[in-house]
Amino acid sequence: MAIGIKVKKAPADYDLGASKFFGTPTVPLAWEGDFYENEIFLCQINLADVAHLDKENRLPHTGYLYIFLHTDGGDYDLEADVRYFEGKPELAIDDFNLEVEGYERFNDAYLMEFCEVDDGEACTRLLGVPSDWNYEDKPPKLLLQFDPLDSEMGFLDHLDGFLYFFFGKDEKDFESVTLVEEYS
């Protein structure tokens, strides 16, 4: 099974440590100033929120998983910066995406709700197999499949397809996650 992600726009007084797309990332103090000029915040996942759905223990069940994107190449050449933090974050960074040209509008938070879905479900989800994998080769192990048309966030909504975030050499290797843009 995979872990489906449904989103809804966060109210003004939401918990900053919640699992979400965009909004204010909450990170470890040690990461302060450790981001690139053209890097945007895509999401943070409180892994305790998905532990009960991760029956194969493919993800850690404590701490936070973060995905930031390097935008130097524009929408068609994004690079993933995936980070895992074992503890509880202490630093909220307001307006993280505001300074990156073309991404200023992605400051509203969209809270994540998690549920079980089929491995190949065509939706935004963690784990499973890529929905539109049209190649003869076996697909790499999937961390996140992002469907821009699956919500009203407006991020990459010109992309009729998916963003795939594939694990590195194994499912505990977050530093080597690769990003593939797949068009239907």
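Modeller: Buried means under 20% relative accessible area. The model discussed here is predicted.

Colleague: Are Y164 and F166 buried or exposed?

Modeller: Y164 and F166 form an aromatic pair, with 5.6 Å between the ring centres. Under the 20% cut-off, both Y164 and F166 count as buried.

Colleague: Which class, stacked, edge-to-face or tilted, does the pair of F35 and F96 belong to?

Modeller: The structure holds 19 aromatic pairs. In the one formed by F35 and F96, the centres are 5.1 Å apart and the planes make an angle of 85°. Planes over 60 degrees apart count as edge-to-face, so the class of F35 and F96 is edge-to-face.

Colleague: How many residues apart in sequence are the parts that the pair of F35 and F96 ties together?

Modeller: Both F35 and F96 are buried. F35 lies in the loop between β3 (26–27) and β4 (39–46), and F96 in the loop between β7 (91–92) and β8 (110–117). The pair therefore ties together parts whose separation in sequence is 61 residues.

Colleague: Which residue lies over the face of W31?

Modeller: W31 is in a cluster linked by ring pairs, together with F35, F41, Y64, Y66, F68, F85 and F96. At 5.0 Å from the ring centre of W31, over its face, lies R83.

Colleague: How many charged residues are in the lining of the largest pocket?

Modeller: The largest pocket has about 210 Å³ of space. Its lining includes E56, R58, D119, K138, K141 and E171. By class, the lining has 5 nonpolar residues and 1 polar residue, and the number of charged residues is 6.

Notes. Residues are numbered from 1 along each chain as its sequence is written. This is a predicted model: local features need pLDDT of at least 70, side-chain atom pairs count only at pLDDT 80 or more; totals for chains, interfaces and linings use all residues. Side-chain values use heavy atoms; hydrogens and water are left out. On a 1 Å grid over the protein atoms alone, a cavity is a set of points where a 1.4 Å probe fits but cannot get out, and a pocket is an open set with protein on both sides within 12 Å along at least five of seven lines; lining residues have an atom within 4 Å of a point. Grid points are joined across faces, edges and corners, and a volume is the space filled by probe spheres set on the points. Ala, Val, Leu, Ile, Met, Phe, Trp, Tyr, Cys and Pro count as nonpolar, Asp, Glu, Lys and Arg as charged, and the others, Gly among them, as polar. Rings of Phe, Tyr and Trp (its six-membered ring) pair if their centres lie within 6.5 Å; planes under 30 degrees apart count as stacked, over 60 as edge-to-face and the rest as tilted. Helices (H or I, at least four residues) and strands (E, at least two) are DSSP runs, numbered from the N terminus. Buried means under 20% relative accessible area, exposed over 50%, partly exposed in between (1.4 Å probe, protein chains only). A charge sits over a ring if NZ of Lys or CZ of Arg is within 6 Å of the ring centre and within 35 degrees of the ring normal.
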